[in-house]
Each structure stands twice: as C-alpha cells, then as structure tokens.
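Welcome, and take a moment to look over the structure below.

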Amino acid sequence: MLNLKNLLSLSVACTAITLSACAISPDAPEVASKPAPISAPNTDVTGAASLTVTINNIETQQGNISAALFDEAGYKGGPQVSGMNADVTGDSVVLNFADLPAGEYGIKLFHDVNGNGEMDTNPFGIPTEPYAFSNSAVGMMGPAKWDDAKFTVQAGDNSHAITFR
C-alpha cells in the first residue's frame, strides 16, 4: 500500500532517474564547445542554429556539469538531441550547442560534484547533487514540466541562462 512517504520517495526517485539520464558517457568529450552527436534531431523545423547556455550560481567549484538538450518527445522520456559535460572551474559554466534545427528545446542538467559520472542520491532516491532545468524551472515531486522548461531556438545565434537554486 502506498502512503504519502512512499509516494514522495517514489516520485523523487523518478526525478533522480530522469536527471541521471543527463549523464554523458565517460568517453564523451569534456570540452563544452563540442556536443555529443545528435541522436534524435528535431526534423520538423528547418534552420541552422547555435545555442549558448550559461549556467550560473554554481556553489562548488569542482567536478563537472552534465547537460542534456531535448526536444519535446525526448524531454518526456525519449533520447536527447545533444549532450555534453563541462568542467567546473568557477561559479558559472558556458555550454555551446551548434548545428541545431530551429525549434523548441528543454535542458536537464546536474552538477556532478564528485566527478563519478552519476547523479548521486540518498537511500530514498533524493538527489544529493545540484540539478536544474531550462528557464530555471522547478519540478514538483519530479522533473520540471515541459511547458515550464521549454524555450525557443531560432535560426542563428541564441542564448539561454539557467540558475541553480
């Protein structure tokens, strides 16, 4: 029988599992300007675009940021469009995604403070490492909703900021 405590633990565990999908393989380049290969391109919209994402308010200057860029289908459980890791050396990190089709995207990321390639959680599945979503959206007992996290990327240069809370 599910009680409120079990339901909360289950929901938080789902958030951790979803965010751990942001983890990029250890073989992926750790240079923020080189995204992983596009695995699920958004082919509905045309136009070459670039996206510069600035992540602010990083409290611990060690480890790396592991970020995944999604279209709507990917954000809701499908594959990422692109992903990357970037070393943390200050209180902000800049990621550069290139050659994107114009369209709507969402970002899920976490700060892998200890650099083990995983989002660490406590025994109840609650994340113990910082995480964030595009638009600095906040999830309620799970990841932030697509409508709160989505943003538009147009042909040409685009920028987006995410702040850890």
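This is a predicted model: local features need pLDDT of at least 70, side-chain atom pairs count only at pLDDT 80 or more; totals for chains, interfaces and linings use all residues.

Rings of Phe, Tyr and Trp, the last by its six-membered ring, count as a pair if their centres lie within 6.5 Å.

**Aromatic rings**

F70, Y75 and W146 come together as one aromatic cluster. Across the whole structure, a search turns up three aromatic pairs. Two of them are set out here.

| Pair | Centre to centre | Angle between planes | Arrangement |
|---|---|---|---|
| F70 and Y75 | 6.2 Å | 90 degrees | edge-to-face |
| Y131 and F133 | 6.0 Å | 75 degrees | edge-to-face |

The charged end of K108 sits over the ring of Y75, 4.5 Å from the ring centre. K108 also lies over the face of F70, at 5.2 Å from the centre of that ring.

**A sheet of three strands**

Next, look for the open sheet with the strand order β4-β1-β8, whose pairing is mixed. At its edges stand β4 (93-101) and β8 (156-163); each has a single partner strand, so one side of each is left without a neighbour in the sheet. On average, neighbouring strands here are turned by 20 degrees against each other, direction ignored.

Strand β1, residues 48-56, pairs with β4 in the antiparallel sense over seven bridges. For an example to find on screen, take L51, whose bridge partner in β4 is F97.

**Two asparagines with positive phi**

Most residues other than glycine have a negative phi. N57 is not a glycine, yet its phi is positive, at about 65 degrees. You will find N57 in the loop between β1 and β2 (64-70), and with 42% relative accessibility it counts as partly exposed.

N135, also not a glycine, has a positive phi of about 60 degrees. Where is N135 found? Its place is the loop between β6 (131-133) and α3 (146-149). N135 has a relative accessible area of 34%, so it is partly exposed.

Technical notes
Residues are numbered from 1 along each chain as its sequence is written. Side-chain values use heavy atoms; hydrogens and water are left out. Two strands pair if DSSP finds at least two bridges between them. Helices (H or I, at least four residues) and strands (E, at least two) are DSSP runs, numbered from the N terminus. Axes are lines fitted to C-alpha atoms, for helices over the stretch in contact, and angles run from 0 to 180 degrees between N-to-C directions. Buried means under 20% relative accessible area, exposed over 50%, partly exposed in between (1.4 Å probe, protein chains only). Rings of Phe, Tyr and Trp (its six-membered ring) pair if their centres lie within 6.5 Å; planes under 30 degrees apart count as stacked, over 60 as edge-to-face and the rest as tilted. A charge sits over a ring if NZ of Lys or CZ of Arg is within 6 Å of the ring centre and within 35 degrees of the ring normal.
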